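Here is a briefing on one structure. Please keep the sequence and the coordinates open as you read.

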Amino acid sequence: MSQMLTERQQRERNYHREHFDRMRDALLAKPFSYEVLSKPSRRWWNAYWQMFHHITSIDLIGKKILVVGCGAGDDALRIAKLGAEVFAFDLSSEAINLAKALASREALSVTFEEMAAENLQYPDHFFDVVIARDILHHVDVTKTVAELDRVSKPGAVWIVNEIYSHSATELVRRNFFTERVLYPLMRHFIYGHDRPYITEDERKLSERDIAKIKKPLSHLEVSKHFNFLVTRIFPDRWQNVAKIDRVLLVALAPLAHFLSGRVLIVGRK
C-alpha cells in the first residue's frame, strides 16, 4: 500500500494482521458456505440474511459490485457466486491474501486490493452496487461516504448493514457500572468462548452517522432495525430469542431507532 496511513488506520491494520494470521489456517481448512444465497428471506429476523435477501433481489449479472472492507472475502465470494463482477478491498494485506486464497480455492473471480476506505483508488462513477457490512464503524464516516459517493454511478444501489447505537442509548452503555462491571460479566455469555472481534478505535455508528450515509441517496428503499436485546443481553445464536427481539422492534417501530443495535439500509443514489 503506497498510501500514508493515519495512526488510527495503523492500529486497525495491526489488529487485523494479528487476527487474520491467527485465523488463516482454520479459515482455509473450513468448507465455505453459500447457504445464505438459498432463500435468504426465510431468516427474516437476521440482519445478515436480510441483507442477502436484498442483494439477491438485484440482477447482478455483468454489474460492477464494490464490497467495502472485505476482510477474508466472505461477502465478496458469495456475491461473485451470483455472477457479478466483484471488486473488494481491505486495509489489511493479511486479509487480502487470505481472501485471494479462498477465491482461488472456490474457483471464483474477485478483484481484491489493499487500500483505505477514506482514499479509494477506483475511478469516478464506476460501481453499480456498493455493499458495506460491519466496516463503516471502523472508519472516518464523512470521508468514506464521500469516496463511496464518488465511485458510485448515478442510480447505484447502496446496501449498508452496520452496528449502531443512538447517542442517547450509548450514554447508558458508556456509564461506569456497565463498562467496568456488567459488560465484563456478560461478555462470555454473549460471545461464548470466542474472543470478541473488537478493535481499539471502532465505535458504533450514531444517528448522525446514519444521516451522513443516507444523504447521497435520492431514494431510500429500506431502513430496518435489529438487535434490541440480542448481542446486548442475549447471544444471537439463540434463534427464538432473536425472533422475539425482531418482532419487538417492529412492534415498537417509532422507538426502534432509539432501541436497536444494528441497522440495515438499502437505497439508490
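Glu94 is buried, with a relative accessible area of 17%. That value falls under the 20% limit for the buried class. The model is predicted. Glu94 also takes part in a salt bridge, with Arg17 as its partner.

**Arg17 and Glu94**
- The closest N and O atoms of Arg17 and Glu94 are 3.2 Å apart.
- Arg17 is partly exposed, at 30% relative accessible area, whereas Glu94 is buried.

**Helix 1 and helix 4**
- Helix 1 covers residues 7-29 and helix 4 covers residues 93-105.
- Their axes come within 9 Å and cross at roughly 15 degrees.
- Helix 1 is therefore roughly parallel to helix 4, given that angles under 35 degrees count as such.
- The crossing of helix 1 and helix 4 is left-handed.

**Salt bridges elsewhere**
- Side chains of opposite charge can pair when their charged atoms come close.
- How many salt bridges does a search of the whole structure find? The search finds 16.
- One of the pairs is Arg262 with Asp134, at 2.8 Å from N to O.
- Arg262 belongs to strand 7 (residues 262-268) and Asp134 to the loop between strand 4 and helix 5, so the bridge ties together parts that are 128 residues apart in sequence.
- Is Arg262 buried or exposed? Arg262 counts as buried, at 13% relative accessibility.
- Another salt bridge joins Arg268 and Glu221, with the closest N and O atoms 3.1 Å apart.
- Arg268 is in strand 7 and Glu221 is in strand 6 (residues 219-226). This pair links distant parts of the chain, 47 residues apart.
- Both ends are partly exposed: Arg268 has a relative accessible area of 36%, and Glu221 has 40%.
- Which residues do shared partners join into one network? Asp75, Arg133, Asp134 and Arg262 are joined by salt bridges in this way.

**Helix 5 and helix 8**
- Helix 5 spans residues 141-151 and helix 8 spans residues 207-214.
- The two axes come within 9 Å, with a crossing angle of roughly 15 degrees.
- Helix 5 and helix 8 are therefore roughly parallel to each other.
- Helix 5 passes helix 8 in a right-handed crossing, whereas the crossing of helix 1 and helix 4 is left-handed.

**His138 in the loop**
- His138 lies in the loop between strand 4 (127-133) and helix 5. Asp134 lies in the loop between strand 4 and helix 5 too.
- His138 is buried, with a relative accessible area of 11%.
- His138 and Ile198 are 60 residues apart in sequence. In space, their C-alpha atoms are 9.7 Å apart.

**Nonpolar surface patch**
- Which residues make the nonpolar surface patch of about 400 Å²? Ile244, Leu248, Leu252, Leu255 and Phe258 make it.
- Leu248 lies in helix 9, which runs over residues 239-251.
- Leu248 is partly exposed, with a relative accessible area of 33%. Patch residues need over 30%, so Leu248 passes that cut-off.

Note on methods
Residues numbered from 1 in each chain as written. Predicted model: local features only at pLDDT ≥ 70, side-chain atom pairs only at ≥ 80, totals over all residues. Heavy atoms only, no water. Patch = residues over 30% accessible without salt bridge, like charges linked within 9 Å, V, L, I, M, F, W, Y side chains within 5 Å. Areas by Shrake-Rupley, 256 points an atom, 1.4 Å probe, with all protein chains shown as cover. Salt bridge = Lys/Arg side-chain N within 4 Å of Asp/Glu carboxyl O. Helix = DSSP H or I, 4+ residues; strand = E, 2+ residues; numbered from the N terminus. Buried < 20%, exposed > 50% of the residue type's maximum accessible area, 1.4 Å probe, protein only. Axes fitted to C-alpha atoms, helices over the stretch in contact; angles between N-to-C directions. Parallel < 35°, antiparallel > 145°, perpendicular 65-115°, else oblique. Left-handed = near helix turned anticlockwise from the far one by under 90°.
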